[in-house]
Amino acid sequence: MLRFVIRRLALAVFVVFAISIITFTLSHVAVDPAAGVAGDSATDDDLAAVRAQYGFDRPLIVQYAAYIANVAQGDLGRSYLSGQPVTTLLAERIPATALLASLSILFALGLALPLGVLAALRPNSTLDRCALTLAVVGQAIPNFWAGLLLILLFGVKLGWLPISGSSTLAHFVLPAITLGSFAMPALMRLIRAGMIDVLETDYIRTANAMGLARRTVLFKYALRNAILPVISLTAVQFGFMLGGSIIVESVFAIQGIGYLAWQSMSRSDMPVIQAIVLFISLVYIVLTLLADLLNAALDPRIRGAA
Amino acid sequence: MTHRLTRYAAAFALLATPLAAGPGDNSLTIGLGEEPPGFDGYISTARDGVLLTRHLFDMLIYRNPETFEYEPLLATGWTRIDDLTWEFTLRDGVTFHDGSLFTAEDVVWTLTTYANPETGARSQASVQWIERVEAVDDLTVRIVSKTPFPAALEFISGSLPIYPSDYAQSVGLQAFSQAPIGTGPYMYAGGDSGQFTLEAFDGYYQGGGKGTPSIDTLIVRIIPDTATRVAEVIGGNVEWIWNVPEDQVAQLDTLPAVTATLGSTMRIAMIAMDAAGRTGEDSPFADLRVRQAVNHAIDRDTIVAELVGGDGEVLNVPCYPLQFGCDTGAAVVYDYDPDKARALLAEAGYGDGFSVKMSSYRDRNRAEAVQSYLAAVGITVDLELVQARASFSAWREGEVGLWYGDWGSFSIADVSASLGNFFNGSTNDGARDPEIMDLLASADATVDETARKQAYSTAIRLITERAYWLPMHTIVMGYAYDSELNFQANVDELPRFFLASWK
């Protein structure tokens, strides 16, 4: 087990490095970073001043080396736009994104699990058909449209919930529903499919024949086996949400990592972009590692193989 | 269990109740689309940033938004000492938001610091003309330019806020940008999670051009998505927004609680052509007849009437008519005549037409209208509708033959800020015409108004004669705000909440 974890961590470092090089290169090659920082109405003199100030005219390798040298000392740099330390910016924004992600995944699982199990218990029934329709609709409707529809209904027409901002818990309800409803369909279908498969196996038939309570069969035997792929998918979905949903955070004006990512990308704010990419990579790596460990805990067969 | 649930539910409901705002507590909630990178007016030079700068800080002079005349603000009088020097008499008894006294030292320190390129002022044009700033005494200051600089007063009134030297030096410019102190009618009162507050400064001096603010509190909320901002105005949680899409303004105005208008701005839209051959030596626009054909091919009156709206106007000059030097009489005007366009193209050897890339960003409908008009005369346009920054980059790097963009001139009422930026041989210049470049250089180097006017008139005549641009129209700005608010939009695209009030 320990060797497994160490191997994964070593791979992780390599992955993070590779991602940072790719991000750095792409950001400098796609659009002139000086134009991003200086703004739309920049004249040639403004661009030259920005280039001189941030050393954009140095060779890419030199710029990257300088950046990595700083990161190694724990200095993620300062935002080109606001001059604030990147770590401060991230620290301010991560809580909102984390809260939104947690609420969203809870909403998604809260719908997906019961619906998936119930649909699997009565395949091809009306309930099953409704659940599948819900899944298709949830996956088909674009995030921003769903968000705006919710805003119009609950924010403007009914006035039950605040429309935008992130100052109170109520502000997170609509965004969590929007973000969660995007993740819910895949989870629901996975649970349903997994449960249907498991319920047809011999050991479930045996358990039923042995007279075990329905609930015990369902949860202790069936769900526990069906849930393994769901854990991995949940980890990936949660990772995506923790990276900050740019769309949902922009539509609902949530001061999170996603919106910060959008802002920095559109203004070529390199230090912030790099830090966010680093953060997202780490989140994914940690989450997938945890998911694998959880799976191993649940399924002894995986433990043995590791 | 139930007891706990009811408690949570009650707390939740309480949290969800919006706080009383608006006329009730004499506050105004404003929705802006982009978070300012701090409050330093020399760094935060996007429109939203300039708006905030004008409320937190004062400049030496106030340019009246209606008459464009200069009025006293931090300076009560100003005289030209010689071609390079302006002397300002400063207002006595002005205090900063922290109570410290405003003196010449603050002017000297602020302008000297930002004139230094190492400080990193984002708009170098605003500061690089300054040679030195000297205090004659506590209330008199002289600003000396490197060369005769005719637009000095424009920049002094528009782009150079004055900071408290003691405070700014003690905390450093970085911290100053996060917690600003100025002499403006509003002071920064803190904020977080996408929202901050400006409170009316009760120590604000009387008799300046900005008057005394009526509204006590400005609550600024950052709401990136346009549709969400509009929804907030409809819902009444936000009481003022701008950048409302033109097609939504009419609909919003029908709501009784909302007033929506399209206000004219100084921003001019144009189609710039690659006459200099930056896209390649075979650029069709190197030929005058092709450029003239483009000028004849597009029905600007219809575009303005149908797709611009408000009081947008057709332009025949490469500048904004109210700018000093923008001689509308000097321009050659091209009428809408597609047959003539086709004849000119045939004469130039493009009877079968040609293909060209056009970049644009402001409005898809207008760009596509231009595309169809050009298609009708045989020019196939490959339209690239991208973000503003990417579009500017494409034009400046010579990647496109046509550019349908716009320029706000930083609200500077001088032609050097509009056509002066596009025909001066810089990366904005698609013409690279030495005769025009010389004319502009001479006009920039003298303060003699007559000589400047003459040079600019000639330049405008040449630019339109040689058809380097197709000047299109003025850009209108959509505003939407609470019907109970007295608010006046200005043509310089700078909302002034210190002049607004509740009915």
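Reply: Helix α7 (143-157) of chain A passes α8(A) in a right-handed crossing, a crossing being right-handed if the near helix is turned clockwise from the far one by less than a right angle, and left-handed if anticlockwise. This is a predicted model, in which local features need pLDDT of at least 70 and side-chain atom pairs count only at pLDDT 80 or more, while totals for chains, interfaces and linings use all residues. Residues are numbered from 1 along each chain as its sequence is written, and chains are lettered from A and ligands numbered from 1 in the order in which they are written.

On the α7(A) side, A:Asn143, A:Ala146, A:Gly147, A:Leu150, A:Ile151 and A:Phe154 take part, and they meet A:Leu174, A:Ile177, A:Thr178, A:Ser181 and A:Phe182 of α8(A), where contact requires C-beta atoms, placed from the backbone, to lie within 7 Å. By class, this contact has seven nonpolar, four polar and no charged residues (Ala, Val, Leu, Ile, Met, Phe, Trp, Tyr, Cys and Pro count as nonpolar, Asp, Glu, Lys and Arg as charged, and the others, Gly among them, as polar).

Helix α7(A) is also one of the elements that give two or more residues to the side of chain A that touches chain B. Across that interface, 42 residues of chain A are in contact with 44 residues of chain B, and the residues on the chain A side divide into 19 nonpolar, 18 polar and five charged.

Terms used: Contact = placed C-beta atoms within 7 Å. Helix = DSSP H or I, 4+ residues; strand = E, 2+ residues; numbered from the N terminus.
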